[in-house]
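Subject: Structure handover

Hello,

Here is the structure for you to look over. My notes follow below it.

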Amino acid sequence: MSYAEANRRYFDAISDSYDSKPWFKVVNDRVATTLRSDLSWVGIPFTDSTTQPVRLLDYACGTGLMTRVFGPYVTSTQGIDISPNMVSTYNTRARDAGISEDVVNAVVGDLFDKSDPNPEALSGERFWDFDIATKMNASIVVPHFTIDGVKQFFAEAGFVDVDVITMKEKNYMEFGGKKLWRTILFARGRRPMEGRDGSGKSEL
Ligand SMILES: C[S@@+](CC[C@H](N)C(=O)[O-])C[C@H]1O[C@@H](n2cnc3c(N)ncnc32)[C@H](O)[C@@H]1O
């Protein structure tokens, strides 16, 4: 079974319980507080959202943690996730909260599939030209996210102004029956292009 298929099956199976555990709420709150405490580090505001749209891509969106963190600072969010059940939970929550599809919506997709790097389903205009892109990920088994490794990953992807910071305290998590203490790491980078107003646009 491919890594992507294993991920899809795993997250499909846990979509109902994914963020219902008390430890998740603690992590969730800490992530939100840390990111919102220095929005300029993230690159917000990079434009005036009162006069022009600010579009967020929440890649590997799951049930929508990053969508909720940045929701107040953007005008619309497009979620993408490999797990149909996660996408379903994400969209149900948005509709239950009274948020329309135009504002927050997720679709099933995998941009890491080397056999189909430009999937037809993700080719529409609404999947391009985001102002900010976020991808929240967790290393379940191997602690393979190192500061230098992530910096190199961002640099190789062509980002500039790359910076990586860590949360001071380790965070308790449970994945796949394992109890883990993990350091949460935040990375940001900016695509080297001119923004609509002449300033650079930031992407996480
Ligand atoms: C640890 S969860 C994080 C979910 C959410 N971003 C959050 O912060 O709660 C990882 C998510 O990545 C999704 N995922 C894994 N591999 C993916 C891929 N290749 N493309 C898109 N989504 C993927 C999983 O289905 C899962 O919802």
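**One residue up close**

Asn 171 counts as partly exposed because it has 15 C-beta neighbours inside 10 Å. (Buried means 20 or more other C-beta atoms within 10 Å of a residue's own, exposed means 12 or fewer, and partly exposed lies in between; C-beta atoms are placed from the backbone.) This is a predicted model: local features need pLDDT of at least 70, side-chain atom pairs count only at pLDDT 80 or more, and totals for chains, interfaces and linings use all residues. Residues are numbered from 1 along each chain as its sequence is written.

Asn 171 sits in strand β6 (residues 171-175). Helices (H or I, at least four residues) and strands (E, at least two) are DSSP runs, numbered from the N terminus. Leaving out residues up to four places away in sequence, Asn 171 touches Val 27, Arg 30, Trp 181, Arg 182 and Ile 184. Contact means C-beta atoms, placed from the backbone, within 7 Å. Val 26 is 145 residues from Asn 171 along the chain, yet their C-alpha atoms are separated by 8.5 Å.

**Confidence**

The mean pLDDT (the predictor's confidence in each residue, from 0 to 100) is 86 for the protein, and 88% of its residues reach 70 or more. Strand β3 (residues 104-108) has the highest confidence, at 98, and strand β9 (residues 200-203) the lowest, at a mean of 49. Where pLDDT is low, the predicted coordinates should not be read in detail.

**Fold**

The protein has six helices and nine strands. Of its 204 residues, 24% are buried. Four strands form an open sheet in the order β3-β2-β1-β4, with parallel pairing. β3 and β4 (132-135) stand at the edges with a single partner strand each, so one side of each has no neighbour in the sheet. Strands pair if DSSP finds at least two bridges between them. Strand β1 (residues 55-59) is joined to β4 by four bridges. One partner pair is Leu 57 with Ala 133 in β4.

Helix α6 (residues 147-156) lies largely in the open, because one of its 10 residues is buried. Just after α6, Gly 158 has a positive phi of about 95°.

**Ligand**

Which residues are closest to the ligand? They are Phe 11, Ala 60, Gly 62, Leu 65 and Met 136, in a shell of 19. A residue is near a molecule if its C-beta atom, placed from the backbone, lies within 6 Å of it. α1 supplies the largest share of the shell, three residues.

Best wishes

Conventions:
Contact = placed C-beta atoms within 7 Å.
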